[in-house]
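Subject: Structure handover

Hello,

Here is the structure I promised to pass on. Please open it first, then read my notes below.

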2 protein chains.
Amino acid sequence: MSGWVVVAGLGPGDEALVTPEVRSALAQATDVVGYIPYVARIAPRDGLTLHASDNRVELERAAHALHMAAEGRRVVVVSSGDPGVFAMASALFEALEAGSAAWRALDIRVLPGITAMLAAAAKAGAPLGHDFCAINLSDNLKPWALIEKRLRLAAEGDFAMAFYNPRSKSRPEGFARALEILRETCADARPVLFARAVSTPQEDLRIVPLTDALPEMADMRTVVIVGSSLTRVIETPRGPILYTPRSV
Amino acid sequence: MSGWVVVAGLGPGDEALVTPEVRSALAQATDVVGYIPYVARIAPRDGLTLHASDNRVELERAAHALHMAAEGRRVVVVSSGDPGVFAMASALFEALEAGSAAWRALDIRVLPGITAMLAAAAKAGAPLGHDFCAINLSDNLKPWALIEKRLRLAAEGDFAMAFYNPRSKSRPEGFARALEILRETCADARPVLFARAVSTPQEDLRIVPLTDALPEMADMRTVVIVGSSLTRVIETPRGPILYTPRSV
């Protein structure tokens, strides 16, 4: 059995942010599996089969990848950003744990990528330069009460915060509620970064004080970063720089 | 004035984890500035001056980079991992804020890299696949009481946690204290990953239950990841896989 599964991070969009390690895995693959827009980033070639699937079928996709690898195929499961941050790596291991015992003998590797919050932070300056949390605001897979609890504790600890999936189509009111909670606990001037489609032609960055942050400023392609109490803006002729100093 | 400053992340060590974007900046640079072991990773070439400096002189190094860029040089400040995570990007903006007003007109960019916790998580499985915090355990730049407060709140919120700089030479007792706090708040079986020198020839990964975690298992080249209450191990013939499921 010479098959394998690699779960690879393609980064936020710009091909210059794909690591050589991931490129090499893609060059050796017989099959690429993933969500439609991520598979669309892979150039077709002879000997490579592209398997694009819709959102919300992560477990089926993962089982399909493991099944093909068990048959001797070399399978890359592609994720946007980093596969270990709210992406396909956990789904693959859920499928592994629930699936055929034989799958556990497979060669499975996770290859890291540039995750959205770090690409967004780099474009804006260095808002995550001190202690921070990453929170998935989608309540598809966890109760909203837990999200709310984590928001309050993160604010109490004065962490900077990065929010993934801030505003889903199915439950857009969650992000509005998250902003309310932050307004109860943080100063009005606390800077909030809305970073949409970072490193793509649609990239759009906006920095506003918490008091001016609106739910409509985010969609599913946006990562939102809320500064700590120390995060601040340096105004420059080239635009604002958002950063958190290292010292308290 | 055609000079610029790029703050670039070299990733955790393996050259296959350096992005093409960072490679391109290094190829255009006239000067590379950074901590000795990171500058040692840059191949010398004609037209490139390497400026290696010791640890704990981050602000001087940053000011030097800005000064050279203002003179028209093309300067890359190199960081290990991602420059925006407990690294040189915040130091550069501190120096910019405190320095000459003319510096604010400079072309300054931050180029993201693969940060240690995500490289370590990928090697171990997907322990950061759900909400998590990143905490710098060094108390060089913040009071220990704040670190302790953040540890308790992160545990209360059931975040997975990644610790950078867990055990400094100057204050090794901090990490022992952190483990005590975790033992007060988390179950004995909570998995802890010690990931040392990930992606280098010295790489060493160890997963132990919290009750068996010892301060000596970490040094300054180690990133420590503590799972949430849901994080678990899948035993396989190739070794343990550590992961956090997506669902609560």
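This is a predicted model: local features need pLDDT of at least 70, side-chain atom pairs count only at pLDDT 80 or more; totals for chains, interfaces and linings use all residues.

Start with the annotation. An unreviewed UniProt entry lists residues 5-212 of chain A as "domain: Tetrapyrrole methylase". Over that stretch, chain A is 35% helix and 24% strand.

Next, look at where the chains meet. Chain A puts 70 residues into the contact, and chain B also puts in 70 residues. Together the two chains bury about 6000 Å². Carbon and sulfur atoms account for 61% of that area.

One to find on screen joins the side chains of Arg232(B) and Glu97(A), at 3.0 Å from N to O.

Which helix of chain B gives the most to the side that touches chain A? Helix α4 (residues 88-98) does, with seven residues. As for the make-up of that side of chain B, 38 residues are nonpolar, 13 are polar and 19 are charged.

Last, the strands. Strand β7 (residues 132-136) of chain A pairs with strand β7 (residues 132-136) of chain B. These two strands run antiparallel, and three bridges join them. To see how they line up, find Ala134(A): it stands opposite Phe132(B) in β7(B).

Best wishes

Notes:
Residues are numbered from 1 along each chain as its sequence is written. Chains are lettered from A and ligands numbered from 1 in the order in which they are written. Side-chain values use heavy atoms; hydrogens and water are left out. Contact means heavy atoms within 4.5 Å. Buried area is the accessible area (1.4 Å probe) that two parts lose on being put together, summed over both. A salt bridge is a side-chain nitrogen of Lys or Arg within 4 Å of a carboxyl oxygen of Asp or Glu. Helices (H or I, at least four residues) and strands (E, at least two) are DSSP runs, numbered from the N terminus. Ala, Val, Leu, Ile, Met, Phe, Trp, Tyr, Cys and Pro count as nonpolar, Asp, Glu, Lys and Arg as charged, and the others, Gly among them, as polar. Two strands pair if DSSP finds at least two bridges between them. UniProt positions are given in the numbering used here, feature names are shortened, and annotations may be inferred rather than shown by experiment.
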